[in-house]
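Q: Got this one open on my screen and I'd like to talk it through. Can you walk me around it?

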Amino acid sequence: MAQLPDPLEHRQADHPIEDLFLRRWSPRAMNGEPLAESELMRLFEAARWAPSTYNEQEWRFLYATRDSEHWQTYFDLLTEGNQAWCDQAAVLIVGLSCKVFSRNGKPNPVHTLDTGLAMQNLLLQAAAMGLVAHGMAGFNRGSAKSALNVPDDFEVEVMIAAGHPGDPDSLPENYRDMDLNPSGRKPVAEIARPGKFGF
Ligand SMILES: Cc1cc2nc3c(=O)[nH]c(=O)nc-3n(C[C@H](O)[C@H](O)[C@H](O)COP(=O)(O)O)c2cc1C
């Protein structure tokens, strides 16, 4: 049985950083085994400690575990491409953000940004625990909103599939190749420079 590679053997940082940033990646192979409730709570606990504007904490997470009555509803929201590998996830998570400030109801311009920070905390915690956690934009937001009773002042931001690592050979070929080759990155010089925009 093949195993997911160790991303540290494929990824090289140009400047010294914590290994966890390189260890977080988005493989797709999962083995279908459930996550313990305590493991799942550790993911949300990490998300909880993200920074946010005025400490608004406007992120919310809904989830369905594979054995729950809600699983099929969540699974049906995904694009076909994502369904092809999410069937072995332990849990599907939907990330939401409140679009208005709790204290005055005015629009919060950074609700998506804040929720992205919480999502990244969750992904990093999963990586630290040796779990797969994979963000997805490929799902039907409108259907998610209605199927999950999301109120109008909330935005449906993202879905995340999480579970225990599985066998990349169990994936369709294109996905298997990606799971055997953790992605790289642009050099720092292409994403950060002093002064005015010059990329
Ligand atoms: C917001 C967001 C949406 C994404 N949507 C999908 C998706 O729908 N399907 C998918 O297979 N991967 C999806 N990805 C995973 C990205 O393709 C992946 O993060 C990127 O290629 C970098 O690879 P890495 O996460 O392994 O470092 C998404 C990632 C993010 C952050």
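Q: What does the secondary structure of the protein chain come to?
A: The protein chain has 7 helices and 4 strands. Helices (H or I, at least four residues) and strands (E, at least two) are DSSP runs, numbered from the N terminus. This is a predicted model, where local features need pLDDT of at least 70, side-chain atom pairs count only at pLDDT 80 or more, and totals for chains, interfaces and linings use all residues. Residues are numbered from 1 along each chain as its sequence is written.

Q: And in what order do the elements run from the N terminus on?
A: The order is α-α-β-α-α-β-α-β-α-β-α.

Q: How much of the protein chain counts as buried?
A: 30% of the 199 residues. Buried here is 20 or more other C-beta atoms within 10 Å of a residue's own, exposed is 12 or fewer, and partly exposed is in between, with C-beta atoms placed from the backbone.

Q: What about contacts, what share join residues at least 24 apart?
A: Among contacts between residues at least 6 apart in sequence, 77% do. A contact is two C-beta atoms, placed from the backbone, within 7 Å.

Q: OK, the core. Which residues touch the most other members of the largest nonpolar core?
A: L92, L122, M159, I160 and A162, out of 38 residues in that core. The elements that give two or more residues to it are α2, β1, α3 (71–77), α4 (80–86), β2, α5, β3 and β4. A nonpolar core is a set of buried Ala, Val, Leu, Ile, Met, Phe, Trp, Tyr and Cys residues joined through C-beta atoms within 7 Å. As a general point, nonpolar side chains tend to be buried together in soluble globular proteins.

Q: What does L122 touch?
A: Not counting residues up to four places away in sequence, L122 touches L43, A46, A47, A133 and I160.

Q: Let's look at α5. What length does it reach from its first C-alpha to its last?
A: Helix α5 covers residues 111–128, 18 residues in total, and reaches 26 Å, close to the 26 Å expected at 1.5 Å a residue. That expected span is 1.5 Å times one less than the number of residues.

Q: Which residues of α5 are buried, and what do they pack against?
A: The buried ones are H111, D114, T115, A118, M119, N121, L122, L123, Q125, A126 and A127. They pack against α1 (19–23), α2, β1, β2 (91–98), β3 and β4. Just after α5, G130 takes a positive phi of about 75 degrees.

Q: Why does A127 count as buried?
A: Because it has 20 C-beta neighbours inside 10 Å. Leaving aside neighbours within four places in sequence, A127 is in contact with L20, R23 and R24.

Q: Switching to the ligand. Which residues are around it?
A: W25, S26, N82, H134, G135, M136, A137, G138, V158, P182 and S183. Near means a C-beta atom, placed from the backbone, within 6 Å of the molecule.

Q: Which strand gives the largest share of that shell, and what classes are in it?
A: Strand β3 (residues 132–136), with 3 residues. By class the shell has 5 nonpolar, 6 polar and no charged residues. Ala, Val, Leu, Ile, Met, Phe, Trp, Tyr, Cys and Pro count as nonpolar, Asp, Glu, Lys and Arg as charged, and the others, Gly among them, as polar.

Q: Last one: what separates the C-alpha atoms of P187 and D14?
A: They are separated by 7.8 Å, at 173 residues apart along the chain. P187 lies in the segment after α7 (173–180) and counts as exposed, with 9 C-beta neighbours inside 10 Å.
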